[in-house]
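Please open the model in a viewer and keep the selection panel at hand. The stops below proceed from one selection to the next.

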Amino acid sequence: MDLRYTDDQQAYREAVRGFADEVSRAKAYATEAATRVTSLGIQVHGAMGLTRGYPAEKLFRDARMLTIPDGTTEIHKLVLGRELTGINALH
Ligand SMILES: Cc1cc2nc3c(=O)[nH]c(=O)nc-3n(C[C@H](O)[C@H](O)[C@H](O)COP(=O)(O)OP(=O)(O)OC[C@H]3O[C@@H](n4cnc5c(N)ncnc54)[C@H](O)[C@@H]3O)c2cc1C
């Protein structure tokens, strides 16, 4: 299997190089905020918030899921820490 990057992929990698700090901060913050907010949405609606008859539980599941792919929150925190301190704890 050819594992080399295509020209488009390589161009993308070069365009985003140097922005790891901002990307990690944005992804981790947005997905964790969405998880907090949708969790509160369930809380406000009590037991009804847990039923499938209302969108609150689906919104929470969707938001919670987004903290996993494309770098988990923990990994983004490690990336951010590396960018800020120069210490690489990603092993
Ligand atoms: C809906 C969805 C779509 C996906 N799409 C794709 C895709 O298109 N392409 C693709 O390649 N992958 C895809 N994935 C996989 C996704 O990128 C991985 O699930 C994700 O990177 C986490 O890796 P893992 O599941 O191996 O968990 P692990 O790496 O085993 O992590 C398990 C837990 O340990 C934590 N953890 C791991 N290492 C550390 C550390 N050093 N310090 C602190 N905590 C740590 C993680 O944050 C996580 O909470 C997708 C996943 C989902 C849920």
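Select the ligand and the shell around it: α4 gives the most to this shell, with three residues. Helices here are DSSP runs of H or I with at least four residues, strands are E runs of at least two, and both are numbered from the N terminus. The ligand is surrounded by Met65, Ile68, Pro69, Thr72, Glu74, Ile75 and Leu78, a residue being near if its C-beta atom, placed from the backbone, lies within 6 Å. Five of the shell residues are nonpolar, one is polar and one is charged.

The model is predicted; local features need pLDDT of at least 70, side-chain atom pairs count only at pLDDT 80 or more, and totals for chains, interfaces and linings use all residues. Residues are numbered from 1 along each chain as its sequence is written.

Next, select helix α4, residues 73–85. Its end C-alpha atoms are 18 Å apart, which agrees with the 18 Å that its 13 residues should span at 1.5 Å a residue (1.5 Å times one less than the number of residues). Glycine 86 follows α4 and has a positive phi, near 80°.

Move to helix α3, residues 56–65, where Ala56, Phe60 and Ala63 are buried (20 or more other C-beta atoms within 10 Å of the residue's own; exposed means 12 or fewer, partly exposed in between). Seen down the axis of α3, the buried residues fall within an arc of 70°, so they line one face of the helix; the arc is that of the directions from the helix axis to the C-beta atoms. The face turned away carries the exposed Lys58, Arg61 and Met65.

Finally, colour by pLDDT, the predictor's confidence in each residue from 0 to 100. The protein chain has a mean of 93.

Technical notes. Nonpolar A, V, L, I, M, F, W, Y, C, P; charged D, E, K, R; others polar.
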